[in-house]
Amino acid sequence: MDTDLLIIGGGPAGCAAAVMAASVGMRSVLIEADDALCGALRRIPVVSNVLGATSGPDLAATIEADLARCDLCRVELSRRATLVEGFDDRVEVTVEPVDSVEPVEPVRLGEPVRLGEPVRLGEPVRLGEPVRLGEPVRSVKPVEPTEPVEPVKPVEPVRSAWVRGSRLTARYVVVATGVGPLGPEEAGWLGGVAGRALPPLWEADPAAIDDRTVLVLGADRPLGTVARAHPELRTRFVVAYPPEDVYKTEEIRRDARVELVAVRRLEFGSGSAPVTAEVRTVEGERRTLTADLAFLNLGSAPAPPAGAVVTDRSGYCPPGRQHPRVFTAGDLRSARFQRIATAMGSGGEAALGAYYASRGLPTGTGGGPSTEVGGPPPDPAGGG
């Protein structure tokens, strides 16, 4: 076995799982596709429902520092888990490196090297010719070689331990890959969106939307975050959303800048400025919405790796339906509990589930040898 516990995803849930696992003596490897932990959390300017935290970047820094102190956890960034396989005695996870480095053009020695231009490799050094930087140095004479120069044998490249299709094994895995943004083509109530450049609301520049009317497509949580983070904005938010998302509107319906429009169908007009959209409301009314700008705020969809992770009809991964050695945590579990605090709690719970399952004790998190109702015996390792 490579480790006791594999953790896929470096957000609040995955990091909480790693800290909890270390607290009960379990070794873990955390795999994160991004080049930093808690990448999504760093884009949330205001946090109002997590104890001890007021901003996403500050909370991300705290989590990162906590994880750095976990000697039993090894963090692997820029690695993506593509396949999870569950067996009777282990899990196996296929890991791919995330390609993020642009190829560098070769430098040709023997040609003038000009500052500010790319240096090129690939041709041999010509002895007997001057090396020119920008302009030839005219005072330098060619140097004649005194002895034949033996050709240099090529150096074999040092191969990374991480190659495509690397496989890691452990007794259990916590899958906390979270969710990704929905695109407009995935929203059946939207029409006329093909070919339109509609940025997500969380990318909106506050200065660009101040004192303007903004059409927001969907009532997902980034709207509440923007409103709380920028109470000084004089923006008028016209929020069109499908009726099944009414539960998402509670956070912003008391904001005087927000107009909520529950719609069955929205069809964009052909123009780009101003933005116009024809809507049919849930009451059957026909309306024309007009705005200066439009942004997507449609919500998210789960992004689990392929293989043994079981999804329901909505694409989410309920803990109670997983392979006995697979635990799911965080936003991946349900559309209704996508909160930082619940993600962290579920990550810790998933790690504890793996810990108790490794000792043949019943768990209540969907993994392990049973799913009996009721908590396990007190933690022999202690802890809070």
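Buried means under 20% relative accessible area, exposed means over 50%, and partly exposed lies in between (1.4 Å probe, protein chains only). This is a predicted model: local features need pLDDT of at least 70, side-chain atom pairs count only at pLDDT 80 or more, and totals for chains, interfaces and linings use all residues. Residues are numbered from 1 along each chain as its sequence is written, and side-chain values use heavy atoms, leaving out hydrogens and water.

- Helices (H or I, at least four residues) and strands (E, at least two) are DSSP runs, numbered from the N terminus.
- Strand β10 covers residues 236-241; 5 of its 6 residues are buried, so the rest of the structure largely encloses it.
- Strand β9 (residues 213-217) runs parallel to β10, joined by 5 bridges; two strands pair if DSSP finds at least two bridges between them.
- Val-214 sits opposite Phe-237 of β10.
- From β9 the chain passes through helix α4 (residues 222-229) to β10, a right-handed β-α-β crossover. Right-handed means that, with the strands pointing away from the viewer, the path from the first strand over the helix to the second runs clockwise.
- Strand β11 (residues 258-268) also pairs with β10, parallel and over 5 bridges. Here Ala-240 has Val-261 in β11 as its bridge partner.

**Salt bridges**

- The whole structure holds 19 salt bridges, each a side-chain nitrogen of Lys or Arg within 4 Å of a carboxyl oxygen of Asp or Glu.
- Arg-167 and Glu-92 form one at 2.3 Å, N to O. Arg-167 lies in strand β6 (residues 166-175) and Glu-92 in strand β5 (residues 91-97), so the pair ties together parts 75 residues apart in sequence.
- Arg-167 is partly exposed at 41%, whereas Glu-92 is buried at 12%.
- Arg-228 bridges to Glu-251, with the closest N and O atoms 3.3 Å apart. Arg-228 is in helix α4 and Glu-251 in the loop between β10 and β11, 23 residues apart.
- Arg-228 is partly exposed, at 30% relative accessibility. Glu-251 is partly exposed too, at 35%.

**Cysteines**

- The search of the whole structure finds 0 disulfides, meaning pairs of cysteine sulfur atoms within 2.5 Å.
- Cys-15 is in no disulfide; its nearest cysteine sulfur, in Cys-38, is 4.3 Å away. Cys-15 is buried, at 2% relative accessibility.
- For Cys-70, the closest cysteine sulfur belongs to Cys-73, 6.3 Å away and too far for a bond.
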